[in-house]
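I opened my notebook beside the viewer and jotted down what I looked up, one topic at a time. Here are the entries, in the order I made them.

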Number of protein chains: 2
Amino acid sequence: MSSSRVLNSLFFPESVALVGVSANPAGWGGTSFLQRLKKRGYSGRLYPVNPKATEVEGLKCYPDVKSIPEPPDHVIIATAAPAVPQILRDCIVGNVKNVHIFSSGFSETGEEEGKKLDEEITAIIKNSDLRVVGPNCMGIWVPASKLCAWGAEPKGLGSLAFVSQSGGHGEYISELGQSLGIYFSKIISFGNARGLQAVDFLEYLETDPDTKMIACYFEGMKDGNRITQLIKRINRTKPVFVWKGGLTPSGAQAVSSHTGSLAGEERIWKAFYAQTGAVPVGSLEEVIDTAMVFQYLKPTAGRRTLLMGGGGGNSVALADICGREGLEVPRITDQTRQELNKFIRLAGNSTRNPLDIWSVQEDPDAFKKAFDLTLADPNIDVAIMEKQIMWDDDDQEHMERHRKSDGFMVEYCHHNASGKPIVIAVTAMANMEGPASYRARLLTRYATSGIPTYSTTVNAARALSRFVAYHEFQAKAKQANQAM
Amino acid sequence: MSSSRVLNSLFFPESVALVGVSANPAGWGGTSFLQRLKKRGYSGRLYPVNPKATEVEGLKCYPDVKSIPEPPDHVIIATAAPAVPQILRDCIVGNVKNVHIFSSGFSETGEEEGKKLDEEITAIIKNSDLRVVGPNCMGIWVPASKLCAWGAEPKGLGSLAFVSQSGGHGEYISELGQSLGIYFSKIISFGNARGLQAVDFLEYLETDPDTKMIACYFEGMKDGNRITQLIKRINRTKPVFVWKGGLTPSGAQAVSSHTGSLAGEERIWKAFYAQTGAVPVGSLEEVIDTAMVFQYLKPTAGRRTLLMGGGGGNSVALADICGREGLEVPRITDQTRQELNKFIRLAGNSTRNPLDIWSVQEDPDAFKKAFDLTLADPNIDVAIMEKQIMWDDDDQEHMERHRKSDGFMVEYCHHNASGKPIVIAVTAMANMEGPASYRARLLTRYATSGIPTYSTTVNAARALSRFVAYHEFQAKAKQANQAM
């Protein structure tokens, strides 16, 4: 087994022990982990540990880790913090290799007791062979091994890995990603990082055949140079999306209450992005937004964007959004405009970019013809289609037109003759129940059919711009290498 | 009548003529205007004009404006562009004072014919006493006079005026604002601005007793110095929110296709905001977001913000959002923390700011006590509560808890003992139908009950920050005046 594969047994354990389960089925922590592993079809051997119980959830219960008849591949500790040092010592005696400490109450509390416990477990871990995830984290979520004791129910196998100190982020993204058709190879929540570090997980993911994209949420960072070099290298073949929490002074202060990490300075992180070419993201939505473009679009380093929305003032807004997000909104050629002007009347429409062609919106053939013509324009590299959901619930005719145009968009994106990347923004007023529900269904429908789809045009432009910037960076890096 | 009241008959006309109505009830433009004026209860006299019809919508039809038995207070022109010059001449002969040119097809087309027509009508208007709104615009929307021939059905009288070259923006905001409990005094869409200018409308609104807040969407700006001085003056007593479209080069290019205006440069607009203290906004959502804080909150110039969300990683994100939006996230005093720590356990919670108090979330009394304590903290000026809507539709118990907490929030905000401003962010995954619908209902419920409520924490922080900045600017300006 290559050294980078040493974590295989952490992600694909043949046996899992749960320390801190309670005989009470409504117990939180360890008990709920055990229940979910069973419910979600984990097929390895399960060992509940509780000195006060003989059976939990129909399984024989052990008084401590040492008493389990085999060294379990993966131990989850979910007791109160003060019990953790002794359990770690038991794990060492019991020849355990992989430990996830779910328990919190360490240095992140900012209190003396927690800090002392943190020092104690850090010393134990350092002087052992234990591979420890945590403490103060949700641990590991792997659909392929059904090691999914938390987060959403795994619904498919995918190629995105998410590495995060925060467990809440892991839970949220498991739900969000899957609902939009972005499935995961692994989600890793490693909290205060007293054992395994981001770099350990990244080295594993670099050669992990199941992982094609990697997203990271960092609060602090140990060993900055090493991780920068590593991400730069991985990013060449597997795009790495990095969200740094705590970039503002307020955020940095919140970081210290959360995982007790020291947040780096903004300028250090700017240098990190510039050196590595990693894709900067700023929220979990942005991670999934970005994964969609990388998963579905053909690479392009061109940022000349065709905008198709509607409305004069709105066209200005769309162009401003693209301008701010670093996309270009070029003029389309006179030749294309002349072709468009043959069947689109001038008054109230615009056959410039952004395209505003209300007069043909009820006519799918004319609409398709207009799209084909403008997408084929030599000044255009990529396109954003904005679809505004806004109607009177009582107006069935209007809704019927909406439905027809919905179907047209899916068809069009999948059979777009130009082959140029298209993303869709489906916008609606968030406080209107009809449009908000309709948008929810449409977002899900489009995204799960393989079209990068966004709930705002800002999000669409941002994801597309980052995709283009990634390919631009890699193309330049390749050129520079060849020149050497 | 004072000179600033000269536009009264434009907004409150006793008679309206509609030129360009069709005998076909499905006709667009003039005909639909006429239908809506009738449907929405406009009680003045209506005069359809069409040389080819004798009756439209049950009303006697006139061949031209001159033939109407009285000079109508307000004429709406909705014919094709080439007919407009002659109709304007008829209006002059017929002693008409106020004209709205809905028709498009002028310089905004970028074509020779449109430019020539534009020059022609500009000359006619200049050499007359006509007060012209447009061309290429939706005109005037006034709930108090039922002059609402377009946009949403008027649902109430309010104090926000919206002045916009774009008509699409006017329509959208009439819907959005009213749905969130923000009602309007006037919405003005003035398109290519060949007659009345922004400055004319602003002078009217300055002394308009129905208007307490003014929002403007500008593409170009004539007479920059005059408008800057005017907005600076108005802004002292009536907050002015200004959205400048076309600040990016791409947006500026789109502006020229839209209203044919010349978009100014970014640095000129920076100076404008700095001099006037006008509240910068960047979308229609932001106009309504901003109106909510001004409408509902007590003035404050303090930006030390208490954040109440949940989750460790999420707390970092909340703090970063506030940091970016210019709010401070201070430490709360040791004394408050000690009080909180008496009933909130350390592990898994944070009694720092952002407050993360999962362990008491099911206990309304403890929750209220925690809020009361932290809001009263001397380091805190304002608060943002984030409410994440995320659940399993099948989990009725969870939904019941949601509902209880929803009610608690409304109660709490309205009877908050500290009196410090609170805004709420109700967040949900836009692609999940259950949460998206639930959020829509909650947003509407909170906002219409008088609590500034937002669909993202970014929006909440932005609106709050702008509110604080406005009051800070005015406080400084007052000090500077007193010192002189």
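**Entry 1: a parallel sheet in chain A.** I began with strand 16 (residues 382–389) of chain A, which pairs with strand 17 (residues 422–428) of chain A in the parallel sense over 7 bridges. Looking along that pair, I found A:M385 standing opposite A:I424 of strand 17 of chain A. The model is a predicted one, by the way. I then traced the rest of the sheet: it is open, has 4 strands, and runs in the order 15-16-17-18 in chain A, with parallel pairing. Which strands stand at the edges? I noted strand 15 (305–308) and strand 18 (453–454) of chain A; each has a single partner strand, so one side of each has no neighbour in the sheet.

**Entry 2: helix 3 of chain B.** Next I asked which residues of helix 3 of chain B are buried. My list reads B:V84, B:I87, B:L88 and B:C91. They span an arc of only 100 degrees around the axis, so they sit on the same side of helix 3 of chain B. I also looked for what covers these buried residues, and found that the cover includes strand 1 (15–19), strand 5 (74–77), strand 6 and helix 4 (112–126) of chain B.

Entry 3: B:N95 belongs to the loop between helix 3 (84–93) and strand 6 (98–101) of chain B. Is B:N95 buried or exposed? I count it as exposed, because 12 other C-beta atoms lie within 10 Å and the cut-off for exposed is 12 or fewer.

I located B:N136 in the loop between strand 7 and strand 8 of chain B. B:N136 is buried, with 31 other C-beta atoms within 10 Å.

**Entry 4: cis peptide bonds.** While in that loop I checked B:P135, which lies between strand 7 (131–133) and strand 8 (139–142) of chain B. The bond joining B:G134 and B:P135 is a cis peptide, with omega of about 5 degrees. I noted another cis peptide bond between B:N353 and B:P354, where omega is about 0 degrees. For B:P354 I wrote down the loop between helix 12 (334–341) and helix 13 (364–375) of chain B.

**Entry 5: where the chains meet.** How many residues of chain B are in contact with chain A? I have 62 residues of chain B in contact with 62 residues of chain A. On the chain B side, the elements giving two or more residues are helix 5 (167–179), helix 8 (249–258), helix 11 (312–324) and helix 15 (433–448) of chain B. Helix 11 of chain B gives the most, with 11 residues. By class, I logged 23 nonpolar, 30 polar and 9 charged residues on the side of chain B that touches chain A.

**Entry 6: how the copies relate.** Last, I compared the chains. A rotation of 180 degrees, with 0.0 Å of shift along its axis, superposes chain B on chain A with an RMSD of 0.0 Å. The two copies are therefore related as by a two-fold rotation axis. The same surface serves both copies, since 100% of the contact residues of chain B recur in chain A.

Note on methods: Residues numbered from 1 in each chain as written. Chains lettered and ligands numbered in written order. Predicted model: local features only at pLDDT ≥ 70, side-chain atom pairs only at ≥ 80, totals over all residues. Least-squares fit on C-alpha atoms with pLDDT ≥ 70 in both. Contact = placed C-beta atoms within 7 Å. Pairing = 2+ DSSP bridges. Buried ≥ 20, exposed ≤ 12 C-beta atoms within 10 Å, placed from the backbone. Arc of directions from axis to C-beta. Nonpolar A, V, L, I, M, F, W, Y, C, P; charged D, E, K, R; others polar.
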